[in-house]
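I set out to record what I looked up in this structure. The entries follow in the order in which I made them.

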Amino acid sequence: MTVAASEKLVNHAGLRESVQQTLVMAYRTLLRIKRRPEELVDVLVQPIMFTLMFVYIFGGAISGDPVSYLPIVIPGILVQSVIMASVSTGSGLRDDMDKGVFDRFRSLPISRMAPLVGASVANIVRFGIVIVLTFAMGFVMGLSADGGVIGVLAAALLVTVVSWCISWVFVLVGVMVKSATSVTGISMIILFPLTFLSNAFVPVDTLPSVLGTFASANPVSYLVTAVRELISGAAITGDLWMSIAGAAVIALIFAPLATRAYTRKA
Amino acid sequence: MTEYAVEIDGLVKTFGDNRAVDGVTLRVPKGTIYGILGPNGAGKTTTINILATLMKSDGGSAKVFGHDVLKEAHIVRKMIGVTGQYASVDESLSATENLVIFGMLRGLKRKQAAERAAELLEEFGLTEAANRPLHKFSGGMRRRLDIAAGLIVIPDLMFLDEPTTGLDPRTRAQMWNTIRALAAKGTTVMLTTQYLDEADNLASRIAVIDHGRVIAEGTPDELKSSVGSSTLVLDMGSSDQSAMAQEIIFDVLGVRSKITDAGRIVTPIAKMDAVADLLIGFREAGLEVQAISIQKPTLDEVFLTITGKTAEDEAGVEA
Ligand SMILES: Nc1ncnc2c1ncn2[C@@H]1O[C@H](COP(=O)(O)OP(=O)(O)O)[C@@H](O)[C@H]1O
Ligand SMILES: [Mg+2]
């Protein structure tokens with residue numbers, strides 16, 4: 001007798017099943033990364049390049065000397081690079097969805113969210129690489145972290161959580177747009193204003209008033225400030241809660257939108 | 001519970017102005033092999049995709065074991081296995097990894113999934129290639145892996161979209177055996193094909209579709225007899241006798257018969273009664289019939305009669 005006939009007929013995947021299926025999809029994404037390590041080039045090179053460039057090009061102009069610029073710019077680069085790494089959740093998914101194997105996933109009785117959440121969870125590996133390299137570069141160049149190990153770990157965790165939430169914006173773009181290249185293009189148009197029109201690289205009061213207002217309200221600014229405070233003193237401040245709240249709102253809006261768009265296409 | 005594995009009523013799917021599926025209605029009885037026969041672009045894949053919950057229809061309804069494919073998609077997905085026209089396995093992973101992942105997605109524990117994967121690879125003769133990269137797989141191996149992937153949990157209904165297109169004759173014969181074995185275990189099989197002999201050989205019922213419409217439906221025999229004329233083949237022994245026989249055929253049936261290279265007389269025949277008249281005519285003329293047979297038309301002729309074109313013509317235009 002067939003297994004299907006004995007399964008209980010419920011028209012959706014249960015919570016436990018959904019979690020399991022999500023983990024399997026994440027495992028699959030990790031296997032793919034393992035098979036094609038060349039796709040990690042961006043997260044391996046970018047943190048090294050950005051820290052060197054920003055610190056030595058702008059350090060003198062903004063903070064008088066490169067080392068005094070480090071506490072400002074390392075959190076900025078950290079946040080920007082991790083959010084950038086989250087773009088590839090969308091482009092990777094697009095690339096993947098064009099392959100025949102996604103037809104099979106769509107035909108299986110699995111949670112519609114599993115492929116999307118699985119991919120975005122697996123991508124945290126890329127965040128990890130960026131975080132480790134950025135901090136390593138910072139410390140090599142003379143960054144001092146008075147917040148200690150706790151502060152640094154808390155900062156890493158906060159950036160990961162917030163960027164994971166933001167990655168749902170790019171997942172939506174990935175599901176809706178036709179090619180992986182245009183996913184990256186569109187995502188960059190979202191990404192650059194979001195990260196540069198913030199306090200990531202320069203103090204907000206040096207910006208023209210309109211941009212300054214935007215930068216003050218930008219959730220990325222809260223995140224950068226919160227990361228700075230964690231690194232420099234393991235301090236939990238309002239900025240931390242604001243950045244988490246902002247990220248949660250983004251995830252709660254974009255994750256359902258992305259899932260719906262994905263289901264629609266099915 | 002319904003007696004049908006698939007019930008489609010007035011199904012419509014449009015792509016812009018193109019009515020890819022244009023009011024298809026059909027019934028697939030449980031436990032049978034059902035063939036959808038049609039040239040390239042007829043709407044076969046689109047129909048299968050709608051049934052497999054991969055695509056949404058624009059009109060009509062489709063049910064799998066009584067469950068609506070739109071409203072109860074998740075339930076339908078539990079009952080079906082799908083092997084699409086194009087490979088639906090992960091090229092960057094090995095055959096084993098693919099099957100293990102599909103198995104775990106179907107709720108098997110890692111160990112169970114690995115066991116099931118090994119079992120299926122063995123069954124489909126892929127054990128040796130289990131850990132080889134997929135890009136080194138031949139067309140036939142890929143097809144087999146694709147079918148294996150749809151059988152992790154033996155489905156109640158299996159969709160096979162052009163399972164033998166592009167396969168060499170030997171692999172094709174193996175695939176036919178695989179399909180028969182699957183049906184023998186109780187799985188209803190719905191397959192599409194462009195090959196008339198394939199549908200004739202495998203399916204107990206066939207729907208012929210063209211331009212998104214069902215233009216004929218029935219058992220292979222029904223389809224053949226719907227074409228109207230069967231063919232009478234006579235062996236009269238010698239060419240003299242054959243010449244005489246041809247005259248009698250013309251007198252009795254009013255048709256000109258042909259003589260094949262092998263010396264047999266071939267003549268279209270509308271009504272079986274006429275055969276008796278012919279045999280009486282032969283006896284009265286003192287002719288002795290060496291061998292006689294009546295052949296039903298091939299599905300190629302069926303297609304020609306219904307559409308006015310051969311399957312190859314159609315495929316050539318659309319491809
Ligand atoms: N995704 C699609 N977008 C636009 N047109 C499509 C799409 N899929 C199929 N078609 C069109 O629908 C018709 C039926 O296609 P299909 O179902 O693939 O036929 P078959 O499988 O019988 O060869 C064809 O004219 C084809 O060009
Ligand atoms: Mg097709």
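**Conventions.** I worked with a predicted model, in which local features need pLDDT of at least 70 and side-chain atom pairs count only at pLDDT 80 or more, while totals for chains, interfaces and linings use all residues. Residues are numbered from 1 along each chain as its sequence is written, chains are lettered from A and ligands numbered from 1 in the order in which they are written, and side-chain values use heavy atoms, with hydrogens and water left out.

**Chain A, overall.** I looked up the secondary structure and found 12 helices and 0 strands; helices (H or I, at least four residues) and strands (E, at least two) are DSSP runs numbered from the N terminus. I then checked the radius of gyration, taken over C-alpha atoms, against the globule rule of 2.2 Å times the number of residues to the power 0.38. For 266 residues a compact globule would come near 18 Å, and the 20 Å of chain A agrees. The C-alpha trace spans about 75 × 40 × 35 Å along its principal axes. I noted that 51% of the 266 residues count as buried, where buried means under 20% relative accessible area, exposed over 50%, and partly exposed in between (1.4 Å probe, protein chains only).

**Interface.** I recorded contacts (heavy atoms within 4.5 Å) between 37 residues of chain B and 34 residues of chain A. The area buried between the two chains is about 3200 Å², with carbon and sulfur atoms giving 59%; buried area is the accessible area (1.4 Å probe) that two parts lose on being put together, summed over both. In chain B, the residues that lose the most area to chain A are B:His74, B:Lys78 and B:Leu105, together 22% of what that side buries.

**A:Thr29.** I located A:Thr29 in helix α2 (residues 15-35) of chain A. A:Thr29 is buried, at 17% relative accessible area. Neighbours within four places in sequence aside, A:Thr29 is in contact with A:Gly118, A:Ala119 and A:Ala122. A:Gly118 is 89 residues from A:Thr29 in sequence, yet 7.5 Å away in space, C-alpha to C-alpha.

**Positive phi in chain B.** Most residues other than glycine have a negative phi. I noted B:Thr53, with phi near 65 degrees, in the loop between α1 (44-51) and β4 (59-64); B:Thr53 is buried, at 5% relative accessible area. I also noted B:Glu162, with phi near 45 degrees, in the loop between β7 (157-161) and α6 (169-184). B:Glu162 counts as buried at 3% relative accessibility.
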